[in-house]
Amino acid sequence: MLTSYFDTRIKLLDTAIKEYFRYEQEHPSRLFQAIKYSMFSGGKKIRPVLFFATFEMLKKNDEIENLKPLLPVAVAIESIHTASLIHDDLPALDNSNERRGQPSCHKKYDPATAILAGDALLTKAFELLSFYDDKEVAVNLVQLLCHAVSTRGMIGGQTVDLLSAHKNVLQLNVLQYIHAKKTGTLLEASVRMACACAKTDPSTTHMLATYAMNLGLAYQIIDDILDDVGDFETLGKEPYEDIRNHKTTYPTIMGLDKARKMADKLLDDSYKIVKNMKHNHILIEFLKMIKDRLP
């Protein structure tokens with residue numbers, strides 16, 4: 001069920017990405033080659049698909065035609081996520097040479113092009129939000145996405161991550177802060193933006209935001225576990241990257257068993273939030289998909 005859902009929504013999203021970047025593909029060609037390379041590098045596009053799924057659940061309608069007005073928002077979300085990956089992989093940050101089984105953007109091209117490609121995607125995202133028909137909602141969408149990217153979100157989390165990289169001891173609450181900001185805030189924003197488009201009440205918005213934040217933290221814990229016990233085929237990059245970069249992870253603080261239990265609990269808590277909501281099947285499938293990654 002989830003595979004079919006992802007396939008149809010990603011196809012719709014990819015068509016929109018090509019359209020929104022079409023007029024920019026002529027010049028400067030190297031920059032837009034780098035953007036295209038990164039946007040179509042085989043990622044699962046979890047965030048925009050979660051955005052779609054949340055909106056469809058709230059509107060109790062899964063007709064794909066109803067998603068077309070939301071495409072500028074979905075492409076904006078994916079643009080932000082891709083920009084963050086391009087920048088995170090840079091030598092000055094996480095220093096990762098591979099992403100999704102392919103050379104990172106700065107290895108395929110060069111660090112300067114990668115920086116500019118990330119910058120271009122960041123700015124493009126906010127231009128896309130201005131295309132949303134309901135301009136009052138569009139302003140709210142800009143605010144939500146700005147918060148997710150800002151020093152209160154991904155940028156703040158990445159900064160604390162860098163500052164903490166060479167510390168011998170890192171407290172659990174600091175690690176949770178890093179991952180809540182680096183991973184959780186964009187997932188949370190994807191859900192909050194769906195709630196804004198559906199004009200959902202604040203209580204439901206808060207519950208679904210908590211669902212997304214738990215999902216994001218569980219995803220990161222499982223990533224940390226996989227970095228310890230996974231292989232290149234599973235990760236799409238070389239394992240032990242965190243060890244090479246002297247990063248504290250959930251397994252190094254808690255041990256593998258407790259880290260697994262923490263991920264399980266976060267996913268169970270998210271399940272409890274949505275289990276009684278109508279048309280919730282895709283959001284539940286999301287939780288199963290994340291849990292199935294747990295080794």
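Modeller: Helices (H or I, at least four residues) and strands (E, at least two) are DSSP runs, numbered from the N terminus. This is a predicted model, where local features need pLDDT of at least 70 and side-chain atom pairs count only at pLDDT 80 or more, while totals for chains, interfaces and linings use all residues. Residues are numbered from 1 along each chain as its sequence is written, and side-chain values use heavy atoms, leaving out hydrogens and water.

Biologist: How many of the residues of α9 are buried?
Modeller: Helix α9 covers residues 172–198 and bends by about 50 degrees at G184; the bend is the angle between axes fitted to the seven residues ending there and the seven starting there. The helix is largely enclosed by the rest of the structure, because its buried residues number 20 of the 27.

Biologist: Is Y177 buried, partly exposed or exposed?
Modeller: Y177 is in helix α9. Leaving aside neighbours within four places in sequence, Y177 is in contact (heavy atoms within 4.5 Å) with T151, G156 and V160. Its relative accessible area is 35%, so Y177 counts as partly exposed.

Biologist: Which class of pair do the rings of Y37 and Y109 form?
Modeller: Y37 is in helix α2 (residues 29–39) and Y109 in the loop between α5 (105–108) and α6 (111–129), so the pair ties together parts 72 residues apart in sequence. Y37 counts as buried at 16% relative accessibility, and Y109 likewise at 16%. The ring centres are 5.8 Å apart and the planes stand at 80 degrees, so the pair is edge-to-face.

Biologist: Which residue lies over the face of Y219?
Modeller: A charge sits over a ring if NZ of Lys or CZ of Arg is within 6 Å of the ring centre and within 35 degrees of the ring normal. The charged end of K124 does that with F21, 5.6 Å from the ring centre. For Y219, at 4.3 Å from the ring centre, the residue is R293.

Biologist: At what angle do α1 and α3 pack?
Modeller: Axes are lines fitted to C-alpha atoms, for helices over the stretch in contact, and angles run from 0 to 180 degrees between N-to-C directions. Angles under 35 degrees are roughly parallel, over 145 roughly antiparallel, 65 to 115 roughly perpendicular and the rest oblique. Here the axes of α1 and helix α3 (residues 46–59) are 10 Å apart, and the angle is about 110 degrees.

Biologist: How are α2 and α6 oriented to each other?
Modeller: Their axes come within 9 Å and cross at roughly 70 degrees. R30, L31, A34, I35 and M39 of α2 meet T113, L116, A117, A120 and L121 of α6. The orientation of α2 and α6 is therefore roughly perpendicular.

How values were computed
Rings of Phe, Tyr and Trp (its six-membered ring) pair if their centres lie within 6.5 Å; planes under 30 degrees apart count as stacked, over 60 as edge-to-face and the rest as tilted. Buried means under 20% relative accessible area, exposed over 50%, partly exposed in between (1.4 Å probe, protein chains only).
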